[in-house]
Amino acid sequence: MDLGQGIRKALAAITGAALVDEKAVKAFSKDLQRVLISNDVEVRLVSSLCKKIEERILNEKFPAGSSVREHAVRVVYEELCNLMGGEAYAPTVEKKKILLLGLFGSGKTTSVAKLAKYYQSKGLKVAAIAGDVHRPAAIDQLEQVCKSVNAGFYSDRSHKDAARIAKQGLETLEPHYDVIVVDTAGRSAFDSELADELKKIDQTIKADEKFLVISADIGQVAAKQARQFDEAVGLSGVIITKMDGSGKGGGALSAVAASKAAKISFIASGEKPDAFEAFDAKKFVARLCGFPDLDALLSKAKELSTEENLQKAMEEGKLDYETFLAQMKAMKKMGPLKQIMQMAGAYDLPEELVGKSEEKMKSFEAAIHSMTPAERKEPKLMKVRSRQERVAKGAGLKLDDIREMTENFDRVQKMIKGMRGNRGFLKGLQKMMPGMGMK
Ligand SMILES: Nc1nc2c(ncn2[C@@H]2O[C@H](COP(=O)(O)OP(=O)(O)OP(=O)(O)O)[C@@H](O)[C@H]2O)c(=O)[nH]1
Ligand SMILES: [Mg+2]
């Protein structure tokens, strides 16, 4: 089971219980243990976490005016945040040299594109140097990656001295670019040869950031890797990739956090360059628990779309047919809709709602254009059969199409309301997520 799904299911023992008593808390704790262990979180971390959660829920005083349910959820949320590393990483936006390290196939080269997009979105110019000299194909791969995101690229296929290439690359690129990422060769296991090569590159280029790239699917072993690389070259952060495909992401994150070798800087949850974000344990856990991360959603929406209506609808938690249309259009533009919805905390969204085809969108659009301004503003009106018939006729559609649209509308509206309606839960999160517009 997906970690978030498991946690939300376990949480139901508390949020859905008639009485949050010792029995309910113990039942929750047991479920949570099972979920975390199946996500490869280290057993000792799990048992101390669960003990602490039980202890705090049952014994800690909570503010008057809040319910024991809210208190319990807050405790779970806080303790999971601690497990996943606590503080958020805020990458500095300035000129810098980044060295990427990691074992074979961990996602280094792919992460170059992601980092490039990330820093480009902050207004910096990014280029990469091909420091993986052992495989010619690796140089081609990086060149392609750079092209795909409009990043600068440097390689030298005439020799295999990675440190020298990195140095020459820097001299060539530094006058023209702000952020320079050096991709390096992986190895199947950490050894002294790899450590020496990385040390040499690092001494030559004097990297400002050294990111170890780790695939989430190694789970808790990530801690050992982080320690080894940190001892060898000194890490400034860890990038955990493949959070999407792995059932061990929680294990990897918590192990790296517990190792104290380095902070988790970024997480990647897909192959595409934009499936990447600076790691913030609070946001991550909020999402796992099913709290909407409207903040991330809004900033993503802002980045990708100028549809102000969408933001307004999200901010106000209110939807009419105009905002609905704008929202659907914006979502199409944003690409992988599911990911966006997941960012909004709507993890378990029915597929048919998120995967609307272009054709369907067009017919919805035609229908909305056939509505009167009053109908657009007052969605209730569209429940009336005679209105549905008129709109269907006007838009050249069947009555069923209109029904489908109104049903979809209701679901999206319900979802937005749900995301914002749970004020009890959200009160405590307000401070953490400014910009949610909660009162
Ligand atoms: N699903 C998923 N796949 C990823 C992610 N990051 C990387 N991959 C895939 O993992 C594979 C290896 O990625 P690379 O970036 O080539 O890894 P590398 O560390 O450069 O590998 P070497 O250079 O061989 O050491 C590729 O097929 C990527 O598309 C991710 O976050 N999610
Ligand atoms: Mg590579």
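A residue is taken as buried if 20 or more other C-beta atoms lie within 10 Å of its own, as exposed if 12 or fewer do, and as partly exposed in between, with C-beta atoms placed from the backbone. Helices (H or I, at least four residues) and strands (E, at least two) are DSSP runs numbered from the N terminus. The model is predicted, with local features requiring pLDDT of at least 70 and side-chain atom pairs counted only at pLDDT 80 or more, whereas totals for chains, interfaces and linings use all residues. Residues are numbered from 1 along each chain as its sequence is written, and chains are lettered from A and ligands numbered from 1 in the order in which they are written.

In helix α6 (residues 136-148), the buried residues are A138, I139, L142, V145 and C146. They lie on the same side of α6 because they cover an arc of only 125 degrees around the axis, the arc being that of the directions from the helix axis to the C-beta atoms. The face turned away from this buried side carries the exposed residues P136, A137, Q144 and K147. Elements covering the buried residues of α6 include α5 (108-121), β2 (126-131), β3 (152-154) and β4 (179-184); two residues are in contact if their C-beta atoms, placed from the backbone, lie within 7 Å. The expected span of a helix is 1.5 Å times one less than its number of residues. After α6 comes N150, with a positive phi near 60 degrees.

Helix α7 (residues 162-173) has 12 residues and reaches 16 Å from its first C-alpha to its last, close to the expected 16 Å. Its buried residues are A162, I165, A166, G169 and L173. Seen down the axis of α7, these fall within an arc of 100 degrees, so they line one face of the helix. They pack against β2, β3, β4 and α8 (192-205).

Strand β7 (residues 264-268) is mostly covered, with five of its five residues buried. Strand β6 (residues 237-241) runs parallel to β7 and is joined to it by three bridges; strands are said to pair if DSSP finds at least two bridges between them. I239 has F266 of β7 as its bridge partner. From β6 the chain crosses through helix α10 (residues 249-259) to β7 in a right-handed β-α-β crossover, that is, the path from the first strand over the helix to the second runs clockwise with the strands pointing away from the viewer. β7 also pairs with strand β8 (residues 276-278), in the antiparallel sense and over three bridges. There, I267 has E277 of β8 as its bridge partner.
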